[in-house]
Amino acid sequence: SLAGGGHMSQGRVPVCGEVSWRGLEPSNLLHVCSCGHIDDYDPLLAESRRQYLEAEREAGLEIVVAHVAGRPLGFAEIVSLETSARDVEGDHAVLLHCVNVFERGRGLGRALVTEVSRRAEAQRRGVVVDACSDVWGFMPEEFFLRLGFNLAEARGRRRLMYRNLPPEARQPHYLEPRYDPPPAAGVQVLVDVFFTPLCSGRLSEEAAVMRRAAAPYGDRILVREWDASDPAIRKRFGIARAIFVNGLMRPSDDTIALDEAAALIADALARPALTQPLWDDSISRLF
């Protein structure tokens, strides 16, 4: 799987000419909004993602769903690179934010990227991906290298890659991160959660976990959210995904569990806040 989903299987026959391309519709809505986890998903997150995707379609977000014999077996999520809720800058390209395949071994990933490229080329635009090096097989750089993508920049385990950029396009690059949020008076621990709604919609699952961990401490802890879909936030911070606790960047690129969130807060209560927070490229987060 290019982005872990449910109903995966090995050894399937190639799809060849069986694929029909559809947009977001009732037949595939749950598959897309749960990212393929239709047997095990969070209804609140799925609904948040649905609301975001349907609202953003008017602003150019596109969902391309591969149907085989009437069944949705994978999808790609595409946004304009210029306005994407990612810490990436560039132009004359679409950002292929996610390729999610529910059944392996059928050539669906390649077929989805080919279809996305065809649509981008019709608009005289290239394709940009924020791929990963060794992250659960999620958007793997090796896959995109095999499809002719070029490396523009590396950041930690992330790989910014592109293909078929028109001559007038600039090479894409990561924004320079700057963690300098406004202070919060009267709290002992300040938690800042940066998130992109491209994955979860307007609801930040990580902020919700941090708030649950902070609840026993009352107003001693403040948890704030920063939505990377806001151009002003992207311009100011250059950060799409990160958690800072009293200025210390969370030392992990995985999704956060309640026990880890509680430990981060307990540790912050036991030490002074950092006076000069630093961004750590080695744990720069894609998802």
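Contact here means heavy atoms within 4.5 Å, and helices (H or I, at least four residues) and strands (E, at least two) are DSSP runs numbered from the N terminus. On these terms, what covers the buried residues of helix α6 includes β10 (189–195), β11 (221–227), β12 (242–245) and α8 (258–269), where buried means under 20% relative accessible area, exposed over 50% and partly exposed in between (1.4 Å probe, protein chains only). The model is predicted, so that local features need pLDDT of at least 70 and side-chain atom pairs count only at pLDDT 80 or more, while totals for chains, interfaces and linings use all residues. Residues are numbered from 1 along each chain as its sequence is written, and side-chain values use heavy atoms, with hydrogens and water left out.

**The seven-stranded sheet**

- An open sheet of seven strands, with mixed pairing, has the order β1-β2-β3-β5-β6-β8-β7, two strands being paired if DSSP finds at least two bridges between them.
- Because β1 (19–22) and β7 stand at the edges with a single partner strand each, one side of each is left without a neighbour in the sheet.
- Neighbouring strands of this sheet are turned against each other by 25° on average, direction ignored; axes are lines fitted to C-alpha atoms, for helices over the stretch in contact, and angles run from 0 to 180 degrees between N-to-C directions.
- Strand β7 (residues 150–155) pairs with strand β8 (residues 158–163) in the antiparallel sense over five bridges, and the bridge partner of N150 in β8 is Y162.
- These two strands, β7 and β8, form a hairpin with two residues between them, and G156 in the turn has a positive phi of about 60°.
- Helix α3 lies across β1, β2, β3, β5, β6 and β8, and runs at about 160° to β5.

**Nonpolar cores**

- A nonpolar core is a set of buried Ala, Val, Leu, Ile, Met, Phe, Trp, Tyr and Cys residues joined through side-chain atoms within 4.5 Å; the largest has 28 residues, and those with the most contacts inside it are L96, V113, V129, F144 and F149.
- The elements that give two or more residues to this core are β2 (62–68), β3 (71–80), β5 (93–101), α3 (108–122), β6 (126–132) and α4 (141–146), and α3 gives the most, with five residues.
- A second, separate core of 23 residues includes A93, L95, A152 and L160.
- Apart from its neighbours within four places in sequence, L96 is in contact with A76, E77, I78, V113, V116, V127, V128, V129, M139 and F144.

- Strands β12 and β13 run antiparallel and are joined by two bridges; in β13, L248 is the bridge partner of V245.
- In helix α6 (residues 205–214), the residues E206, A207, V209, M210, A213 and A214 are buried.
- These residues cover an arc of only 160° around the axis, which puts them on the same side of α6, the arc being that of the directions from the helix axis to the C-beta atoms.

**A buried arginine**

- R250 lies in the loop between β13 (248–249) and α8, and R250 is buried, with a relative accessible area of 3%.
- The side chain of R250 reaches the backbone oxygen of T255 at 3.5 Å, and a polar contact of 2.7 Å joins the side chains of R250 and E260.
- A polar contact is a pair of N or O atoms within 3.5 Å; within protein, one must be able to donate a hydrogen and the other to accept it, and residues adjacent in sequence count only if both atoms are side-chain atoms.
- Leaving aside its neighbours within four places in sequence, R250 is in contact with E206, I243, T255, I256, E260, L264, I283 and R285.

- C35, in the loop between α1 (29–33) and α2 (43–56), has a positive phi of about 55° although it is not a glycine, and C35 is partly exposed, with a relative accessible area of 22%.
- R124, in the loop between α3 and β6, likewise has a positive phi of about 55° without being a glycine, and R124 is exposed, with a relative accessible area of 55%.
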